[in-house]
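Visitor: I would like a close look at a single part of this model, with the criteria behind each term spelled out as you go.

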Amino acid sequence: MNEFRAMTHPRTNSRRRVTTGSRLPVASPARRNRPRLHLIRWVGLGLFGFWVLVAIFGPMLAPHPMSAFVSDEIYGGASTANLLGTDYMGRDMLSRILTGARYTVGLAIIAALLSSLIGAGFGMLTVLLPRWIEECIRRVFDTLISIPSKMMALVMVSAFGTSIPLLILAAVLSYAPGAFRIAHSMATNLATLEYVQVARTRGEGKLYIAAFEIMPNMIQSVLTDMGMRFVFIVLLLSGMSFLGLGVQPPAADLGSLVRENIGGLSQGALAVIAPALAIGTLTIGANLLIDSLSTSRGSQKE
Amino acid sequence: MRNAIPVLVLGRLSSSLVTLFLVSLVIFAITSMLPGDTAQLILGQFATPDQVAALRTELGLDQPALLRYWHWLSGFMTGNLGMSASNGVSVTQLMSDRLPNSLLLAAITTAISVPLALIMGITAAMRRGGAVDRVLNLVTLSMVAVPEFLVATLAVLLFAVKLDWLPALSYVSTVESFGDFMKIYAMPVLTLCCVLIAQMARMTRAALIDQLDSAYVEMARLKGVPPMRRVLRHALPNAVGPIANAVALSLSYLLGGVIIVETIFNYPGIASLMVDAVSNRDLALVQACAMLFCSAYLVLVMMADLCAILSNPRLRNR
Amino acid sequence: MQGESLTVRNLEICATPLGGEEHSIVNNIGFTLAPGEVMALIGESGSGKTTIALAMLGYARRGCRIAGGSVRLGETEILELNAVQTRRLRGHRVAYIAQSAAAAFNPSRSLMDQVIEGALIHGVMDRHSAQQKAVQLFRELALPEPERIGMRYPHQVSGGQLQRIMAAMALITDPALVILDEPTTALDVTTQIDVLRAFKKVMRERGTTAIYVSHDLAVVAQMADQVLVLKGGQEQEQGRIAQILEQPAHEYTRSLLAAARPDAHLSPPETARGDELLRIDDLQVGYGQRDRNGHPDKVVLDHIQLRIDRGQALGVIGESGSGKSTLARTVAGLVAPSRGAVQFNRRELSPTLRGRTSEQFRRIQMVFQSADNALNPAHSVRRLLNRPLETYFSLDRNVRRCRVEELMDLVKLPHTLLDRKPGELSGGQKQRVNLARALAAEPDLILCDEVTSALDTVVGAAILELLVELRRELGVAYLFISHDISTVRSLCDDVMVLYQGECVESGRCEEVLTRPQHNYTRKLIGSVPELRQGWLETCQWSTQTEASAPLV
């Protein structure tokens, strides 16, 4: 959070230097900064929104079925027939990206939602439960958080083989603990605040306190955190697909598209660059959006 | 109260050990919860029941899970990690061949990225709100969200395909000149550094700005302390804990990044060994690699915490 | 170096809130100080007093900008200096003493290092003579172990000592002008008196010109020659201290003077004593592990005995760390006592919240110090007031609506505020909502924990007035916790003085506060600055204990 808040004080130190007694024109750097902040937000929203729309409508808009062989040329460049060229088997890249984006965005959204629900849910719950259960839950999540996400996914894939439910499970096991940690520390901090103590001395039950005194004050942070988790999960799942251990053919997410066309890299094939850039723009867009949203919220509080 | 630091340090060490033990339990549980039979899996569908039974005995699969866990764990203590199922070589052997390569890659990356990130973070904090800070902010904000393989692909495209400075995706096994060295390490290190530097620089900047906003830095300013001295003598000593934390957390991220990078550049390290093991479902090797990575991660996080404890002036100057 | 004259003309300072338009926060301020004189800037929070004081150093905080005017120190026009010249001025010719010494010292550097840093940077003297001078200043400021205290780190010395060390840091270069920014506000009164004395002595001896920022007129009366009264960045009145105290010309100054001593015009209502409401016998509260005899590791309160009758108000006075808040929290059930029990309505209360009945919850209401934290920022005022009505009474929706409006009338808030969130209210309004919520339960006893301390004096005085009125009209009893003797005097019938967790004296308010028997009570009362000049010189109390006691 501090990191975000730091961005909200955009004035330089040197600017505080005082000039002569005459009045200066009112041109504060803070004011100049505002459009820039909005620009970042709009760029982020644009990129992220674009990919969400692609995930929803992409398969309908695709000019070809994703596994149709449309060209004899492999690793073909951009042409009017194939706007993003063709892949290693002569399939239309545009269609494949439009279809594959649904996996990348959809799986990540599901996994992020589940992670945050589970993490924040347990985080809230520990406030209600006895101390020793809270300790146990904390211990479990602390253990899970000590296993790097890719490690978790690799170990699970090696044991059970890859499948879409398993990938989601791996992502949730990796990212729910972080969501728990944040929600838990927020909830325990909020629980010590005076308005919660007022509610306790009023004789309110724990459930009321959790649902109506604590929850409304942490929901925004939980949502921001979920956005961050979405970005991480996109990176994790496309990384797994890139290693050939994620989404399996004939289905393909953007990561698998990069992998299957990696052979074209030495020729600078569009087929490998386009899906890689697609993932990049999705995650950068989401990150910019989250950052600018949490920045402006931080400044409202001040 | 005088011995608060040893107590805290010991507490932190033992808590790491407990976590490592629990992690090993999780890893073992996942890899032995197979719905099918590992022996069947290894031998394939056409194995005779006798063969499967023989392998089960050989692998110790007919023993209860808790006992197997104990054997596995004690194997770790003694360095006996079992045999690789796919090529019949001992896991220890396989890993010790590859480990130095990975460590070298990590060392070079760390040596380059940490100083660069610190300089970038400190510069951005000092020039807060200025053009440099804004550009750095935008660049790092984008870079932290970029997948490694995008950086790697773009690097190959630029340096190998367009500029033809470096060979694409090839590995030279003997290093005879600086040129060879560059050929091996330039692109993997560049790829790893990109994300790493962005992360560390952001966290360093945030940690430093936290201190620069404090009352004592304002006081120093009102004593006429020049800006450079304010940052280096006043703010930085108090930001050591958070910055160490940032560095350690980012380096632990390196563990994830190295998996992709070693694969994409065909680099013979421990991570690519693990990816192959996962593809071959070579569980003994996967377990061992996973434990190695998790231990490395825990050590890094623990070192960050120790740094924070040791740099706390209230604890240090009792 | 002797103090120099200071002339401020037409000072304008602007601020740009994030996402807002730049606006003026300090307007057309001007004053003149002769060498060696002390000017007090007095006003409430947001009056711009600190902003003006910092402008004397050519400094404006982040988001602020000195937009115009002139600050002339001796022959130097401070606002026309460039960055390097300004830096040479700060900590050399103009020095600053901040409000919170604990925050203004760098935790990771030794005190001596920080005290002499200014002198070394500006090349005033070498390290050895700077250290000697620092020790000399420590001695003059009556710090214990002057030769060795510099080797310590900020967290190793007490708040009062730290504040004096900061004075040494400011005076090390013999500045022509010293800015003191609420230097004693964070201290307890018994500590404050020594710090004030030390400040006054060293500044008088050196003939330093000074700006003294404060909200406390009584403190200012001891320290200043001139006063500038501020409100919302505008000058309200300016004059010699004697004139301001005796013949305030401006309405606002008069209200400040009245608010400074609420007991002058406010007194507890005459109420008939009812039955016993609350009784505590030999109470002990502590934290941590208990030993074999059931004694906790750290005892916060011990041997506490008190009784409150229906409709009566008991004031509990003590300094920070005296355990007074813990007493309220114990009665409320938030902290379980380690020995003794609380009798309410002649029935023993459960030590924890768990065993209490809804009726007991209703009859005892707690009002916390900071209304910022006591009101859930996510709920509207209506919701905040509705909730106790829902919990304790089964009322028809329309009746409840009327009741909420009645409550708003009771605490004198307009109904238009009902749909606002706490974040949109002022500090005083929030505290009134806080009170209204307690009143909604129609309690017999309200536990007030420093309810006026976080507020500006005028706002706090109004809240106090409201409390007196509610007592008179509703006959509610108070356990009123405060560090401020005059607020207790204006509200309470009985008083109890706490010192380090034990009651040192208790009895009728006028009895205890006018003829204190215990030494500590006498010191506590004697240390409260009086609203007249020359009090500091005649006051006999001093915290000699602090100097002789070993350092923390």
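Which residues in α5(B) meet which residues in α11(B)?

Guide: Before the residues themselves, a word on conventions. This is a predicted model, in which local features need pLDDT of at least 70 and side-chain atom pairs count only at pLDDT 80 or more, while totals for chains, interfaces and linings use all residues. Residues are numbered from 1 along each chain as its sequence is written, and chains are lettered from A and ligands numbered from 1 in the order in which they are written.

On the α5(B) side, B:Leu94, B:Met95, B:Arg98, B:Leu99 and B:Ser102 meet B:Ile270, B:Ala271 and B:Leu273 of α11(B), where two residues are in contact if their C-beta atoms, placed from the backbone, lie within 7 Å. Sorted by class, this contact of α5(B) with α11(B) has 6 nonpolar, 1 polar and 1 charged residues; here Ala, Val, Leu, Ile, Met, Phe, Trp, Tyr, Cys and Pro count as nonpolar, Asp, Glu, Lys and Arg as charged, and the others, Gly among them, as polar.

The two elements are helix α5 (residues 91–126) and helix α11 (residues 270–280) of chain B, helices being DSSP runs of H or I with at least four residues and strands runs of E with at least two, numbered from the N terminus. Their axes lie 7 Å apart and the helices pack at an angle of about 135 degrees, which means that α5(B) is oblique to α11(B). The axes are lines fitted to C-alpha atoms, for helices over the stretch in contact, and the angles run from 0 to 180 degrees between N-to-C directions; angles under 35 degrees count as roughly parallel, over 145 as roughly antiparallel, 65 to 115 as roughly perpendicular and the rest as oblique.

For the setting of this part, chain B also meets chain A, with 54 residues of chain B in contact with 47 residues of chain A. On the side of chain A that touches chain B, at least two residues each come from α1 (2–6), α4 (131–145), α5 (149–160), α9 (219–242) and α11 (270–301) of chain A, and α11(A) gives the most, with 11 residues. That side of chain A divides into 26 nonpolar, 16 polar and 5 charged residues.
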